[in-house]
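The sequence and structure come first.

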Amino acid sequence: MRENSPVDQAYSYIKKLIVTKTLYPGNRIVEEDISRETGISRTPIRTALLRLSYEGMVEQQPNRGSFVAKPSMTDLDQVYELRVLLEVGAFRAAIRHRSEESVSWMRNVLDQQADLEKHFNMVEYASLNREFHWIIALEARNPYYEKYLNELHNKVSTYLLFWDSSTNGGRSLAIHQRIYEAFCDQDEERGVAALMDDIHLGQGDIRRSPHILAQALH
């Protein structure tokens, strides 16, 4: 698929509607509206929606259309259960392969996260959080970690954007610092412990959101 193809453009446009909360979980994505707003025909829009569905941001329902994903408590717990297994494995591999470039990249992301404390924005935080963890996935140098963690990270980013009620990323920043230090020192056990703390922190924050709690009562 060509870069900046109609599919890419439709994908970016729809994803932006989701991450900026123009469309909320459960909202229907109307192909005709997207086509009118972008000038892109419906065929590439459908392909873009399939791609977003694969990434977990969109749900496609037969005879009803496409909707912004609305995960349940069970979905959340299953994603985080699998995330623990895959990210811990990726971290153990990554510290054996990690390069100075990846250490520098991770430091840069941490610095950006620290700067974000002055003007906290969940959209920016979700992006930086994903980038931080993606460095670990890449340094594992296993395409299967990349493939499956990419899908999980997309889902986690969606959870953060809609249901994490944090007003700053201070707690996450402190744990990311611990992960970074262990990554630099190639200290496997210290890094895994910090990574587990980070994953459980994120899951706990989302579980306490009013939306998720309301689901648990039904």
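## Surface and charge

The model is a predicted one. The protein chain exposes about 11000 Å², of which carbon and sulfur atoms supply 51%.

Among the side chains of the protein chain, 26 are positive and 31 are negative. The centres of these two sets lie 5 Å apart.

## Fold and dimensions

Ten helices and three strands make up the secondary structure elements of the protein chain. Along the sequence their pattern is α-β-α-α-β-β-α-α-α-α-α-α-α. The radius of gyration of the protein chain is 18 Å, close to the 17 Å that the globule rule gives for 218 residues, so the chain is as compact as a globular protein of that length.

Taken along the principal axes, the box filled by the C-alpha atoms of the protein chain is roughly 55 × 45 × 35 Å. Of the 218 residues, 48% count as buried. When contacts between residues at least 6 apart in sequence are considered, 75% of them join residues at least 24 apart.

## The nonpolar core

The largest nonpolar core holds 66 residues. Ile14, Ile29, Tyr80, Phe91 and Ile179 are the members that touch the most other members. Two or more residues come from each of helix H1 (6-19), helix H3 (42-54), helix H4 (73-97), helix H5 (100-116), helix H6 (122-139), helix H7 (143-163), helix H8 (170-185) and helix H9 (188-207). H4 gives the largest share of this core, twelve residues.

Setting aside residues up to four places away in sequence, Ile179 touches Phe91, Phe132, Ile136, Ala194, Leu195 and Asp198. Of these partners, Phe91 is also listed among the core residues that touch the most other members.

## Glu55, a buried acidic residue

Glu55 is found in the loop between H3 and strand S2 (58-61). Is Glu55 buried or exposed? Its relative accessibility is 9%, and the cut-off for buried is under 20%, so Glu55 counts as buried.

Which residues does Glu55 contact, beyond its neighbours within four places in sequence? They are Tyr11, Lys15, Glu151, Asn154 and Lys155. Glu55 and Lys155 are 100 residues apart in sequence, yet their C-alpha atoms are 7.1 Å apart in space.

Definitions and conventions: Residues are numbered from 1 along each chain as its sequence is written. This is a predicted model: local features need pLDDT of at least 70, side-chain atom pairs count only at pLDDT 80 or more; totals for chains, interfaces and linings use all residues. Side-chain values use heavy atoms; hydrogens and water are left out. Helices (H or I, at least four residues) and strands (E, at least two) are DSSP runs, numbered from the N terminus. The radius of gyration is taken over C-alpha atoms; the globule rule is 2.2 Å times the number of residues to the power 0.38. Buried means under 20% relative accessible area, exposed over 50%, partly exposed in between (1.4 Å probe, protein chains only). Contact means heavy atoms within 4.5 Å. Accessible areas come from the Shrake-Rupley method with a 1.4 Å probe; for residues, only the protein chains shown count as cover. Lys and Arg count as positive and Asp and Glu as negative; His and the chain ends are not counted. The place of a charge is taken as NZ of Lys, CZ of Arg, CG of Asp or CD of Glu. A nonpolar core is a set of buried Ala, Val, Leu, Ile, Met, Phe, Trp, Tyr and Cys residues joined through side-chain atoms within 4.5 Å.
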